[in-house]
Amino acid sequence: MARLFIFAVGGTGARVLRSLTMLLAAGMRLPDCDQVVPVLVDPDTQNGDVTRTVDLLKRYSRIHNALYQDGQHPKGQGFFGQPLTTLAQLNTAGVDGLRDSFVYDFGGINQSFKDYIHYNEASVETRGLLDLLFTPDSLNASLDLGFRGSPNVGSVVLNSLVQAPEMRYLAQSLNSEDRVFFVSSIFGGTGAAGFPLLVKNLRDPDVDLPQPSVRAKVPAGALVLLPYFKLQQPSAQEKADGQDFIDSNTFITKTKTALSYYAEHLDGLESLYYLGDQAGQPLPNNPGRAEQRNQAHLLELLGALSVPHFLGQPANQLDRGSPAYHEFGLKEDKATFDFGQLPPALRRDVARPMIQFHYFAKYFRQHLLEEKNAPLYKGGKLAQHLPASTGPLADLTDFFTEYESWLRELGVSERRFGALHPDETDFNKMVADKIIATGFFNKGLTDDVLRAELNDAVGKTNLDNPDASRALRWIVEAFNKATDKVVDTKLQYS
């Protein structure tokens, strides 16, 4: 069984994983991958970016399990087709202390960095050295906020936590068909510190982890985000009041330092992907906890595409001695990105499923509840299950709510994703680069057309007292078929 273990490090890693989850929900396929095992790495357990992504992963996983629980349908096909699982759910080896969570367990660090390194118990000479290496703000920073743009702090803390059950189980369970992928920023604290340490511990045969020979051979890649946003700077009064903040003026300097380090010391990867952009309007400066909940950005969506690209590279073409370095360039330097800027292969593999999923979400939310006499509604006994407050159909409804929020966020930044219009109600105008022509004798793609395709997809079949999971499958299969057909006939999108 081929699995992808993906470590999303820090807030940026969590946001890229959020976009990847949306793409998988839309039906984007990951080549030669039977299971995706996401692990979010951030000591700030209340980080808003992390908790939002964890909730999304849980919701996705519940929907997928409800759809495919009896094994009747091939996994990896259509909406929510890619299996997602936690490390604990794979734990057939009985590793102790492994929580059923998508989050790496840091053991609840809730002390200052100064206390963590036992600064007050150190000798005068050692304290003097520490004062040279770390600023007073870094020494006094609470670690339950993460590392707040300080990779030097993060490297000290993370280096002592690599023996956590998550890393031990990963090392113990790896096989030759698996792959490992890391996602992090290079200009923050947790990502810049955690990513190279995780790579080192994956590869180093002297680290006390199982299967050093397998760890040495398993293909590994990484996505590194260069600066693509900046943060609002605090006022003089806020500084005087001692409020926490991150100085984004240091992002470029930190990036140069990290790149220099990578060039000399990062040698455990076969593929490395880089993305960055000019920063737009400054974002709110929230150094951690629930307030660190940044809006989705186009670069996070484009970054998520590095995952299927990496998995699509044949193992015999991956050479750690001569690693491949990848970048993503836009056809045109313009503010709004649409599907027309994607090469043909990505339009087929990414744009097409996203369009289908968008039609699914919009029709489900705008029209489905009004169609109690339609064959889709009657045949699936949906009156028993919609609207739903709990269960898989409630998860689907909530997922669509989060999807539309994500899509709106992508349209806010100066470099915005405008390929799909989240608030458009006319199906003819929902895809920016493929407006469907209409005329006196042709209304294009209307809700009536979609309804007819949905009804045709289910035919005259009626479910016999379906439970919520079977009702969910009924809906998803109908929308898979109907949206596939309308994209072909109305959009002629390939």
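1. I begin with leucine 129, which counts as partly exposed at 48% relative accessibility, where buried means under 20% relative accessible area, exposed over 50% and partly exposed in between, with a 1.4 Å probe and protein chains only. Leucine 129 belongs to helix α4 (residues 124-133), helices being DSSP runs of H or I with at least four residues and strands runs of E with at least two, numbered from the N terminus. Together Leu129, Leu132 and Leu133 make a nonpolar surface patch of about 340 Å²; patches consist of residues with over 30% relative accessible area and no salt bridge, like charges being joined within 9 Å and nonpolar side chains (Val, Leu, Ile, Met, Phe, Trp, Tyr) within 5 Å. Accessible areas come from the Shrake-Rupley method with a 1.4 Å probe, and for residues only the protein chains shown count as cover.

2. This is a predicted model, in which local features need pLDDT of at least 70 and side-chain atom pairs count only at pLDDT 80 or more, while totals for chains, interfaces and linings use all residues. Residues are numbered from 1 along each chain as its sequence is written, and side-chain values use heavy atoms, with hydrogens and water left out.

3. A search of the whole structure gives 25 aromatic pairs, a pair being rings of Phe, Tyr and Trp (its six-membered ring) whose centres lie within 6.5 Å, with planes under 30 degrees apart called stacked, over 60 edge-to-face and the rest tilted. One of them joins phenylalanine 182 and phenylalanine 195, whose ring centres are 6.0 Å apart and whose planes are at 50 degrees, so the pair is tilted. This pair links distant parts of the chain, as phenylalanine 182 is in strand β3 (residues 179-185) and phenylalanine 195 in helix α8 (residues 190-203), 13 residues apart. Phenylalanine 182 is buried at 2% relative accessibility, and phenylalanine 195 is buried at 1%.

4. The rings of tyrosine 403 and tryptophan 406 also form a tilted pair, because their centres are 6.0 Å apart and their planes lie at 40 degrees. Tyrosine 403 and tryptophan 406 are three residues apart in helix α16 (residues 392-410), and are therefore separated by about one helical turn. Tyrosine 403 is buried at 2% relative accessibility, and tryptophan 406 is buried with a relative accessible area of 1%.

5. Helix α16 itself has 19 residues and reaches 27 Å from its first C-alpha to its last, close to the 27 Å expected at 1.5 Å a residue, the expected span being 1.5 Å times one less than the number of residues. The helix is mostly covered, with 14 of its 19 residues buried.

6. The structure holds 26 salt bridges. In one of these, glutamate 270 and arginine 320 bring their closest N and O atoms to 2.8 Å. Glutamate 270 is buried at 6% relative accessibility, whereas arginine 320 is partly exposed at 25%. A further salt bridge, at 3.0 Å from N to O, joins the side chains of arginine 348 and aspartate 349, which are partly exposed at 46% and 37% respectively. A network of salt bridges also links Arg15, Arg18, Asp49, Arg52, Glu300, Glu402 and Glu409.

7. Some backbone details deserve a check, since most residues other than glycine have a negative phi, and most peptide bonds are trans. The peptide bond from leucine 386 to proline 387 is cis, with omega near -10 degrees, and proline 387 lies in the loop between α15 (375-379) and α16. Phenylalanine 80, although not a glycine, has a positive phi of about 55 degrees, and is buried with a relative accessible area of 0%. Glutamine 211 has a positive phi near 50 degrees, lies in the loop between α8 and α9 (212-217), and is partly exposed at 29% relative accessibility.

How values were computed
Salt bridge = Lys/Arg side-chain N within 4 Å of Asp/Glu carboxyl O.
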